[in-house]
Amino acid sequence: MECKKENNSKFCNCSYPCGKHGVCCDCLAYHRKNGELPACYFPADIERGYDRSIDNFISVVKERGMGYLR
């Protein structure tokens, strides 16, 4: 399967400097292994705090609703 890194990078809101930027399959595997969610699940202001925990995601959704993902 061809990686669409260039296209994915246009929508990647991750501010952490790593080699997985735009390589969604690697990013998802990494965060899943660590019991986390990738940056794209979080609004930009929350993403910058680097707390990718599922508990943090649930807190954000409870506070802001799912509308921030649109």
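A disulfide is a pair of cysteine sulfur atoms within 2.5 Å. In this predicted model, the count by that rule comes to zero disulfides.

**Stop 1: the cysteines**

Select Cys18 and Cys14. The closest cysteine sulfur to that of Cys18 belongs to Cys14, and at 5.4 Å it is too far for a bond. Cys18 is partly exposed, with 31% relative accessible area. Next, select Cys40 and Cys27. The sulfur of Cys40 has its closest cysteine sulfur in Cys27, 6.3 Å away, which is again too far for a bond.

**Stop 2: the aromatic rings**

The structure holds three aromatic pairs. Show the side chains of Tyr41 and Phe57 for one of them: the ring centres are 5.9 Å apart and the planes stand at 75°, so this pair is edge-to-face. Tyr41 is in the loop between α2 (24–33) and α3 (44–47), while Phe57 belongs to helix α4 (residues 54–64), so the pair ties together parts 16 residues apart in sequence. Is Phe57 buried or exposed? Phe57 is buried, at 16% relative accessible area. Tyr41 is partly exposed, at 33% relative accessibility.

Phe42 and Phe57 form an edge-to-face aromatic pair, with 6.0 Å from centre to centre and 90° between the planes. This pair links distant parts of the chain, 15 residues apart: Phe42 is in the loop between α2 and α3, and Phe57 in helix α4. Phe42 is buried, with a relative accessible area of 3%.

**Stop 3: a charge over a ring**

Select Lys20 and Tyr30. The charged end of Lys20 sits over the ring of Tyr30, at 4.3 Å from the ring centre.

**Stop 4: the largest pocket**

Tyr30 is also a place to start here: along with Tyr16, Cys18, His31 and Arg52, Tyr30 is among the residues nearest the centre of the largest pocket. The lining has 13 residues in total, divided into seven nonpolar, three polar and three charged. The volume of this pocket is about 230 Å³.

**Stop 5: the second largest pocket**

Which residues lie nearest the centre of the second largest pocket? Select Asn8, Phe11, Cys12, Cys24 and Cys40 to see them. This pocket holds about 190 Å³ of space and is lined by 14 residues. Of the lining, ten residues are nonpolar, three polar and one charged. Colour α1 (5–11) and α2, which each supply at least two lining residues. The largest share, three residues, comes from α2.

Note on methods: Residues are numbered from 1 along each chain as its sequence is written. This is a predicted model: local features need pLDDT of at least 70, side-chain atom pairs count only at pLDDT 80 or more; totals for chains, interfaces and linings use all residues. Side-chain values use heavy atoms; hydrogens and water are left out. Buried means under 20% relative accessible area, exposed over 50%, partly exposed in between (1.4 Å probe, protein chains only). Rings of Phe, Tyr and Trp (its six-membered ring) pair if their centres lie within 6.5 Å; planes under 30 degrees apart count as stacked, over 60 as edge-to-face and the rest as tilted. Helices (H or I, at least four residues) and strands (E, at least two) are DSSP runs, numbered from the N terminus. A charge sits over a ring if NZ of Lys or CZ of Arg is within 6 Å of the ring centre and within 35 degrees of the ring normal. On a 1 Å grid over the protein atoms alone, a cavity is a set of points where a 1.4 Å probe fits but cannot get out, and a pocket is an open set with protein on both sides within 12 Å along at least five of seven lines; lining residues have an atom within 4 Å of a point. Grid points are joined across faces, edges and corners, and a volume is the space filled by probe spheres set on the points. Ala, Val, Leu, Ile, Met, Phe, Trp, Tyr, Cys and Pro count as nonpolar, Asp, Glu, Lys and Arg as charged, and the others, Gly among them, as polar.
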